[in-house]
Amino acid sequence: MRCDTLWRNARLATLAPDLPGLGEVDDGLIAAEDGQILYAGPTAHAPAFEAARIVDCESRWITPGLIDCHTHLVYGADRSAEFEQRLAGVSYEAIARAGGGILSTVKATRAASQDVLVESALTRLDDLIAEGLTTIEIKSGYGLTLEHEIKQLRAARALATHRNVGVTTTFLGAHALPPEFAGDPDGYIDQVRQVMIPAIAAQGLADAVDVFCEGIGFSPAQCRRVFEAARAYALPVKIHAEQLSNLHGAALAAEFSALSADHLEYLDDGGVRALAAAGTVATLLPGAFYFVRETRLPPIAALRAARVPVALATDCNPGTSPLTSLLLTMNMAATLFHLTVEECLAGVTRNAARALGRQAQIGTLEVGKQCDLAIWDIERPAQLVYHMGANPLHARAWRGQ
């Protein structure tokens, strides 16, 4: 059988859902043709391949390429000054209500050109790629007008023309109330529903629609109206929910068969049951939990018991999680949220793919999937979660290259 590339003499963590644990293969082989996996499994069971290129992995571990399924990677400036305020004891909510927070990034993002946004985002993207990232989700939400939301989404899409990486884009117009609509959140939601979503859908710039359901964001009723508009344009939905309070946003998202509900520190048992029934992924963001000094843990035991798939992501953003490391994200999830090694690795591969609606294409080492690989200089997969500040990536393949 012919193939483009053969990775031999490897140990595999396939993350295949029908195999126990990490789907580990001690003496494994991966064959790829035209960017897709032809075979991933034990060498002893592999067909005879005639390969144009053979890579001897020298017993290194191969995992699926890492996936960051929740980021705000494209933005203007930073918010280090607000970081200083928080160190002095000012809460995130107080900063936001005083005109800081998201709105300060909105001002900087509106002032930046698309090229400037791309250039600054590339530095953050490169940090992630250097640790084995092969797919990233990027949200808008720092423009809050049609013109600037489109600029953000186009900048995000442009990143894939500069780097070998998969980019999915999410429209997050309902992220904060812009100054032009101060005191009129319903009027702004009408703008999101009636103007922004139709225009963005017509241009094919978004793969999903997200909302920030929170006291400093938008109410469940307002989020419902955004979801209804997204459904009218066949766009799947996601939600920022239960981060600072419990407004039952996760249950609302589950009602719309959301791809994911994210943050979830204040998620209750009813919300867990709703996610489980809908098959919605719970995306946990330990970087934000750490950075804003949250103390309430997501209900990990309840999510496990209900078999809700759990993804992990950096939540890379300038205000509450300026994090560009999925390896550190896994360590934080293990130490702060008490996730296992298996849960952490599934969270940045198999379940992260599901949170993007891409589980048929990426996230595991299985026949027919995109050949996205991370090859590691480690003795056991636990080292990917255990180390802090180390990067054991040996090589990375995206679509077989």
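## Overall build

The protein has 15 helices and 15 strands. The model is a predicted one. Its C-alpha atoms fill a box of roughly 70 × 40 × 40 Å along the principal axes.

A compact globule of 401 residues would have a radius of gyration near 21 Å. The protein has 21 Å, so the value agrees with that of a compact globule. Of the 401 residues, 57% count as buried.

## Helices H4 and H5

Two packed helices are described by the angle between their axes and the distance between the axes. Take helix H4, residues 114–129, and helix H5, residues 146–162. Their axes come within 9 Å and cross at roughly 55°. That angle makes H4 oblique to H5. The crossing of H4 past H5 is right-handed.

On the H4 side, the contact is made by Gln 114, Leu 117, Val 118, Ala 121, Leu 122 and Leu 125. H5 contributes Lys 151, Arg 154, Ala 155, Ala 158, Leu 159 and His 162. Sorted by type, the residues of this H4–H5 contact are 8 nonpolar, 2 polar and 2 charged.

## Helices H6 and H7

Helix H6 covers residues 185–202, and helix H7 covers residues 220–232. The axes of H6 and H7 come within 10 Å and cross at roughly 10°. An angle under 35 degrees counts as roughly parallel, so H6 and H7 are roughly parallel to each other.

H6 brings Pro 185, Asp 186, Ile 189, Asp 190, Val 192, Arg 193 and Ile 197 to the contact. These meet Gln 222, Arg 225, Val 226, Ala 229 and Ala 230 of H7. The residues of the H6–H7 contact divide into 7 nonpolar, 1 polar and 4 charged.

## Gly 65, between two strands

Gly 65 sits in the loop between strand S5 (61–64) and strand S6 (66–68). Its relative accessible area is 3%. Buried means under 20%, so Gly 65 is buried.

Which residues does Gly 65 contact, leaving aside its neighbours within four places in sequence? They are Gly 132, Thr 134, Val 348, Thr 349, Asp 372, Leu 373 and Ala 374. Gly 65 and Thr 329 are 264 residues apart in sequence, and their C-alpha atoms are 15 Å apart in space.

## Two loop residues with positive phi

His 248 is not a glycine, yet has a positive phi of about 60°. This residue lies in the loop between strand S10 (238–241) and helix H8 (249–255). Is His 248 buried or partly exposed? With a relative accessible area of 43%, His 248 is partly exposed. That value falls between the 20% and 50% cut-offs.

Asp 315 is not a glycine either, and has a positive phi of about 55°. Its place is in the loop between strand S13 (310–312) and helix H12 (326–337). The relative accessible area of Asp 315 is 2%. That is under the 20% cut-off, so Asp 315 is buried.

Key:
Residues are numbered from 1 along each chain as its sequence is written. This is a predicted model: local features need pLDDT of at least 70, side-chain atom pairs count only at pLDDT 80 or more; totals for chains, interfaces and linings use all residues. Side-chain values use heavy atoms; hydrogens and water are left out. Helices (H or I, at least four residues) and strands (E, at least two) are DSSP runs, numbered from the N terminus. Buried means under 20% relative accessible area, exposed over 50%, partly exposed in between (1.4 Å probe, protein chains only). Contact means heavy atoms within 4.5 Å. Axes are lines fitted to C-alpha atoms, for helices over the stretch in contact, and angles run from 0 to 180 degrees between N-to-C directions. Angles under 35 degrees count as roughly parallel, over 145 as roughly antiparallel, 65 to 115 as roughly perpendicular and the rest as oblique. A crossing is left-handed if the near helix is turned anticlockwise from the far one by less than a right angle, and right-handed if clockwise. Ala, Val, Leu, Ile, Met, Phe, Trp, Tyr, Cys and Pro count as nonpolar, Asp, Glu, Lys and Arg as charged, and the others, Gly among them, as polar. The radius of gyration is taken over C-alpha atoms; the globule rule is 2.2 Å times the number of residues to the power 0.38.
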